[in-house]
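Hi everyone, thanks for coming. I'd like to walk you through one structure today, so please have a look at the screen while I talk.

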Amino acid sequence: MEKIAILTSTSPLRKTTTRGGATKQRLNMQACFDLADRFDVVIIGSLAHDQVFEYLERHLSREVRPKFRLYGRAFFHSFSTPEVLRTTDDPRDAGWQRILSENNIEFEVLRSRLGADNRYRQEKFEWRNLGTFVTDPRVTLVTGGEGQLFYETPSAANR
């Protein structure tokens, strides 16, 4: 069975270095290669600048590059609505729904949850809570920072 990693931020792929008193964040390419070794598909989507994704794409080796699906700022901004029509909906919600669909990942757009008053409530898809909506057992959510990768199975996949 194919194994899929999903990162909703580039933070786990960054590391902070200090040279000559200047502190900079750099991409940790070793973390990318570790993900490529562990997973068949690595999906990264965030509002990080598109140049971050271009750099990442240029520095991945030919062997691992086909495993990566990269979605940068321009992709998510294509889901924005004009200020006049703006609602409280985050364009990343629609963007992540598109990403999951394009990659044939099973997920729920609406889910029922039992509330404190023992009534069921409908929750609409929210990218920040991806683990409660992704039902695909192939998926692992990856978080972390400074080169540490933390792996989590979506809670909805266990139902």
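Predicted model: local features only at pLDDT ≥ 70, side-chain atom pairs only at ≥ 80, totals over all residues.

Leaving aside residues up to four places away in sequence, T140 touches I4, A5, I6, F39, Y151 and E152. Please remember F39 and Y151 from that list, as we'll come back to them.

Now for the overall picture. The protein has four helices and nine strands. Going along the sequence, you read β-β-β-α-β-α-β-α-α-β-β-β-β. The C-alpha atoms fill a box of roughly 60 × 45 × 30 Å along the principal axes. There are 159 residues in the protein, and 38% of them count as buried. If you take the contacts between residues at least 6 apart in sequence, 61% of these join residues at least 24 apart.

Back to F39 and Y151, then. What kind of aromatic pair do F39 and Y151 form? The pair is tilted, with 5.9 Å centre to centre and 45 degrees between the planes. F39 sits in the loop between α1 and β4, while Y151 belongs to strand β9, residues 148-152, so this pair ties together parts that are 112 residues apart in sequence. And are the two partners buried or exposed? F39 counts as buried, at 3% relative accessibility. Y151, on the other hand, has a relative accessible area of 31% and is partly exposed.

The count of aromatic pairs comes to seven. Another of them is F75 with F79, and that pair is edge-to-face: 5.3 Å centre to centre and 70 degrees between the planes. F79 counts as buried, at 19% relative accessibility. Both F75 and F79 belong to one aromatic cluster, together with Y71, F76 and W96.

Next, the helices. Two packed helices are described by the angle between their axes and the distance between the axes. For helix α1, residues 29-38, and helix α2, residues 50-59, the angle is about 65 degrees and the axes are 11 Å apart. α1 and α2 are therefore roughly perpendicular to each other, and their crossing is right-handed. Which residues meet there? On the α1 side we have M29, C32 and F33, and on the α2 side Y55, L56 and H59. By type, the residues of this contact divide into five nonpolar, one polar and no charged.

Helix α2 also holds E54, which counts as partly exposed at 42% relative accessibility. E54 and R98 are 44 residues apart along the chain, and their C-alpha atoms are separated by 21 Å.

Finally, let's look at the segment after β9, where N158 lies. N158 counts as exposed, with 61% relative accessibility. How far apart in space are N158 and S80? They are 33 Å apart, C-alpha to C-alpha, and 78 residues apart in sequence.

Key: Residues numbered from 1 in each chain as written. Heavy atoms only, no water. Axes fitted to C-alpha atoms, helices over the stretch in contact; angles between N-to-C directions. Helix = DSSP H or I, 4+ residues; strand = E, 2+ residues; numbered from the N terminus. Parallel < 35°, antiparallel > 145°, perpendicular 65-115°, else oblique. Left-handed = near helix turned anticlockwise from the far one by under 90°. Contact = heavy atoms within 4.5 Å. Nonpolar A, V, L, I, M, F, W, Y, C, P; charged D, E, K, R; others polar. Phe/Tyr/Trp six-rings, centres within 6.5 Å; stacked < 30°, edge-to-face > 60°. Buried < 20%, exposed > 50% of the residue type's maximum accessible area, 1.4 Å probe, protein only.
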